[in-house]
Amino acid sequence: MNKSYDAVVIGAGVFGAWTALHLRNSGRSVALLDAYGAANSRASSGGETRILRMGYGSDEIYTRWAMRSLELWIALFDRVKRPELFQNVGVLWTPTPGHPREVSTLAAFDNCGVAHRRLTSSDLARCYPQLRFREERVGILETHAGVLLARRAVRAVVEEAVAKGVEYSLDAVLPVAGAHAKSPEVKTSCGDALSAGLAVYCCGPWLPKVFPEVLGGRVRATRQEIFFFGTPAGDRSFTAPNMPAWTDITDEHSAYTIPDVESRGFKLAFDKHGPEFDPDTGDRLARGLADARTFMAERFPALATAPLVESRVCQYENTSTGDFLIDRHPDFGNVWLVGGGSGHGFKHGPAVGEHACALIDGRVTAEPRFSLESKAREQNRSVF
Ligand SMILES: Cc1cc2nc3c(=O)[nH]c(=O)nc-3n(C[C@H](O)[C@H](O)[C@H](O)COP(=O)(O)OP(=O)(O)OC[C@H]3O[C@@H](n4cnc5c(N)ncnc54)[C@H](O)[C@@H]3O)c2cc1C
């Protein structure tokens with residue numbers, strides 16, 4: 001079947017869903033396709049929860065985008081009457097005193113007006129006795145931050161987009177080969193050919209499969225494991241408000257936890273990049289439980305022997321620095337590439353879609369950090 005739209009968006013993860021919604025709001029007819037379904041189990045957006053924090057050290061662009069995104073998420077959840085999709089549990093940072101990340105984060109918070117509280121080491125010990133540190137730590141609590149119920153939040157965006165007229169379907173777009181072809185056709189596995197003034201590829205970790213020549217090695221999928229531990233019966237110390245989301249960036253490791261939201265267990269993950277991973281066929285059985293237990297015993301002694309109640313394997317879609325990719329395809333003027341969430345993109349979905357749409361319309365100038373040109377094939381991560 002041949003169909004025609006002003007815009008086709010390929011991929012209904014958080015970036016594609018918001019991009020489709022913004023394009024529709026700009027008055028275009030829009031089709032949104034996903035090979036496995038919106039926020040499916042293989043997608044990077046398919047997890048239960050994602051942290052929304054404003055702290056990015058000195059990378060203020062992400063602080064501002066997180067603030068803007070929070071506004072847009074909350075407005076959406078209000079419109080669809082599902083305020084629970086954002087849980088304002090707060091986000092706690094616990095750097096060593098004077099750590100460069102503490103200094104730059106506080107400076108960015110002051111510049112951008114991010115609501116936060118500073119905690120001394122004795123405040124930390126008093127407010128969060130669940131946490132144990134070997135060395136002195138201080139706290140920064142982002143009071144307006146929290147946790148998005150990720151998979152359901154994406155589905156809410158898609159539902160709103162569909163209600164506004166976006167045509168959503170389950171269909172896989174075939175890889176775009178031939179860098180020198182004159183015009184890209186959006187051909188699907190069902191045999192459809194879609195013509196559109198504009199095609200926006202938001203395929204997350206699949207982007208290098210769809211554009212092997214342009215994106216091979218520039219967006220790398222890595223295997224990431226997540227563990228959910230069961231808390232003791234009747235124990236409230238691992239749920240909000242007693243426990244916020246917590247991120248522990250140290251020189252040795254970076255780990256983060258999410259309190260027991262909706263009684264799914266206390267979530268732990270490490271932010272270190274895992275081995276390369278195939279999002280279609282990669283096996284999704286977590287193997288790092290021993291390391292997770294060692295970490296829990298050290299930081300959360302009360303959960304040292306807590307049962308594992310669930311685990312997941314997901315993938316990051318990393319660019320060389322961790323900066324997003326939002327740019328035009330080098331060979332096709334009407335094809336755009338949006339991805340490279342690099343383990344921190346979920347929260348920014350609303351701002352990414354808004355920026356992509358404004359860029360396409362020529363209403364903003366391109367941000368050099370998000371250009372294709374800036375994406376090297378060697379990893380040199382700088383955004384955390
Ligand atoms: C373990 C883990 C923890 C994370 N924690 C956080 C966090 O706490 N906070 C945060 O902000 N971010 C976090 N992130 C990052 C965030 O989840 C991702 O950056 C974000 O979800 C990426 O969204 P996306 O839309 O680009 O990709 P995806 O969600 O992967 O969506 C891409 C979609 O494209 C579809 N697709 C692919 N190829 C085709 C094709 N050929 N045809 C049609 N459809 C296709 C796929 O089916 C998929 O649905 C985390 C990621 C992981 C893995």
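In the predicted model, a nitrogen atom of the ligand is placed 3.3 Å from a polar backbone atom of Gly 343, a polar contact being a pair of N or O atoms within 3.5 Å, where within protein one must be able to donate a hydrogen and the other to accept it, and residues adjacent in sequence count only if both atoms are side-chain atoms. The protein covers 97% of the 1,000 Å² of accessible area that the ligand has on its own, with areas from the Shrake-Rupley method and a 1.4 Å probe. Oxygen atoms of the ligand also take part: one lies 2.9 Å from a backbone N or O atom of Ser 44, and an N or O atom in the side chain of Arg 50 is 2.9 Å from an oxygen atom of the ligand. Residues are numbered from 1 along each chain as its sequence is written. Because the model is predicted, local features need pLDDT of at least 70 and side-chain atom pairs count only at pLDDT 80 or more, while totals for chains, interfaces and linings use all residues; side-chain values use heavy atoms, with hydrogens and water left out.

The shell around the ligand holds 36 residues, of which Asp 34, Ser 45, Ile 51, Val 173 and Lys 347 come nearest, a residue being near if one of its heavy atoms lies within 4 Å. By class, the shell comprises 19 nonpolar, twelve polar and five charged residues, with Gly counted as polar. At least two shell residues come from each of α1 (14-25), β3 (49-52) and β16 (308-318), and β16 gives the most, with four residues; helices (H or I, at least four residues) and strands (E, at least two) are DSSP runs, numbered from the N terminus.

Strand β3 also belongs to an open sheet of three strands in the order β3-β8-β4, with antiparallel pairing, for which DSSP must find at least two bridges between two strands. The edge strands, each pairing on one side only, are β3 and β4 (86-87). Two bridges join β4 to the antiparallel strand β8 (residues 146-149), and Phe 86 stands opposite Leu 148 in β8.

Gln 224, located in strand β12 (residues 220-229), counts as buried because its relative accessibility is 6%, the limit for buried being under 20%. The side chain of Gln 224 reaches the backbone oxygen of Lys 272 at 3.0 Å, and a polar atom of this side chain lies 3.0 Å from the backbone nitrogen of Gly 274. Beyond neighbours within four places in sequence, the contacts of Gln 224 (heavy atoms within 4.5 Å) include Phe 270, His 273, Arg 312 and Tyr 316.

Note on methods: Buried < 20%, exposed > 50% of the residue type's maximum accessible area, 1.4 Å probe, protein only.
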